[in-house]
Amino acid sequence: MAGDLNTALLMFIAARSAENRILAALRRAGYDDITLAQARVAARIGPDGTRLTDLAEQAQVAKQTASFLVDQLERAGYVERTVDPTDARARLVRIARRGTEALPVARAEEARIEAEWTEHLGVRRMKQLREALTLLREITDPYRPTGA
């Protein structure tokens, strides 16, 4: 029974559902060579690229696992490794052409999910949910951008 589940588990169930739907939309659009584990790592790549060690930490996987997943994503054309302009010894993982092409598919599914949830909860409750989760992020998300 839902009332017996703790809040974190309820949030996880909703997030997992969204994640599965986005991955399914990508597969229907022909991006069927990306796994959930790969997508979770790719989703953490910042607009200017992200170091592999940071991706591993944010995805909560070993650096070797993140490296393996990035290797697969790179071979499929979703990401590329480039020199970090702030430190020539370091490399950044950036979204590549195929990843950029897949992004609108993921964003469109995200919008459909938000619309469904808003219809189910109502505009007021959805707004309250977003506000509450945004506030909760202040104490739960060590990776949020400064000022977010």
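Colleague: Fine. What kind of model is it, and which residues count for what?

Modeller: It is a predicted model: local features need pLDDT of at least 70, side-chain atom pairs count only at pLDDT 80 or more, and totals for chains, interfaces and linings use all residues. Residues are numbered from 1 along each chain as its sequence is written, and side-chain values use heavy atoms, with hydrogens and water left out.

Colleague: How many helices and strands does the protein chain have?

Modeller: The protein chain has 6 helices and 2 strands. Both come from DSSP runs, numbered from the N terminus: helices are H or I with at least four residues, strands are E with at least two. In sequence order the pattern is α-α-α-α-β-β-α-α.

Colleague: What does the C-alpha trace span along its principal axes?

Modeller: About 50 × 35 × 25 Å.

Colleague: And what share of the residues is buried?

Modeller: Of the 148 residues, 24% count as buried. Buried means under 20% relative accessible area, exposed means over 50%, and partly exposed is in between (1.4 Å probe, protein chains only).

Colleague: What about contacts between residues 24 or more positions apart?

Modeller: They account for 44% of the contacts with a separation of 6 or more. A contact means heavy atoms within 4.5 Å.

Colleague: On to α1. How many residues does it have, and how far does it reach?

Modeller: Helix α1 covers residues 7–28, which is 22 residues. From its first C-alpha to its last it reaches 32 Å, close to the 32 Å expected at 1.5 Å a residue. The expected span is 1.5 Å times one less than the number of residues.

Colleague: Which residues of α1 are buried?

Modeller: Ala18, Ile22, Leu23, Ala25 and Leu26. They cover an arc of only 155° around the axis, which puts them on the same side of α1. The arc is taken from the directions from the helix axis to the C-beta atoms.

Colleague: What covers them?

Modeller: The cover includes α2 (36–42) and α5 (97–121).

Colleague: What happens at the ends of α1?

Modeller: Asn6 caps the N-terminal end, with a side-chain oxygen 3.0 Å from the backbone nitrogen of Ala8. Just after α1, Gly30 takes a positive phi of about 100°.

Colleague: Switching to α4. Which of its residues are buried, and which are exposed?

Modeller: Ala66, Leu69, Val70 and Leu73 are buried. They cover an arc of only 100° around the axis, so they lie on the same side of α4. On the other side, Gln64 and Arg75 are exposed.

Colleague: What do the buried residues of α4 pack against?

Modeller: They pack against α2, α3, β1 (79–84) and β2 (87–95).

Colleague: What comes after α4?

Modeller: Gly77 follows α4, and its phi is positive, near 90°.

Colleague: How do α3 and α4 cross?

Modeller: Two packed helices are described by the angle between their axes and the distance between the axes. The axes of α3 (residues 52–59) and α4 (residues 63–75) come within 9 Å and cross at roughly 110°. That makes α3 roughly perpendicular to α4. Leu52, Thr53, Leu55 and Ala56 of α3 make the contact with Lys63, Ala66, Ser67 and Val70 of α4.

Colleague: How do you get the angle and the label?

Modeller: Axes are lines fitted to C-alpha atoms, for helices over the stretch in contact, and angles run from 0 to 180 degrees between N-to-C directions. Under 35 degrees counts as roughly parallel, over 145 as roughly antiparallel, 65 to 115 as roughly perpendicular, and the rest as oblique.

Colleague: Now Gln38. Is that one buried or exposed?

Modeller: Gln38 counts as buried, because its relative accessibility is 5%. Gln38 lies in helix α2. Its side chain reaches the backbone nitrogen of Thr35 at 2.9 Å.

Colleague: Last one, Gln58. Where is it, and what does it touch?

Modeller: Gln58 is in helix α3. At 22% relative accessibility, Gln58 counts as partly exposed. Gln58 touches Arg44 and Tyr143, not counting residues up to four places away in sequence.

Notes. A polar contact is a pair of N or O atoms within 3.5 Å; within protein, one must be able to donate a hydrogen and the other to accept it, and residues adjacent in sequence count only if both atoms are side-chain atoms.
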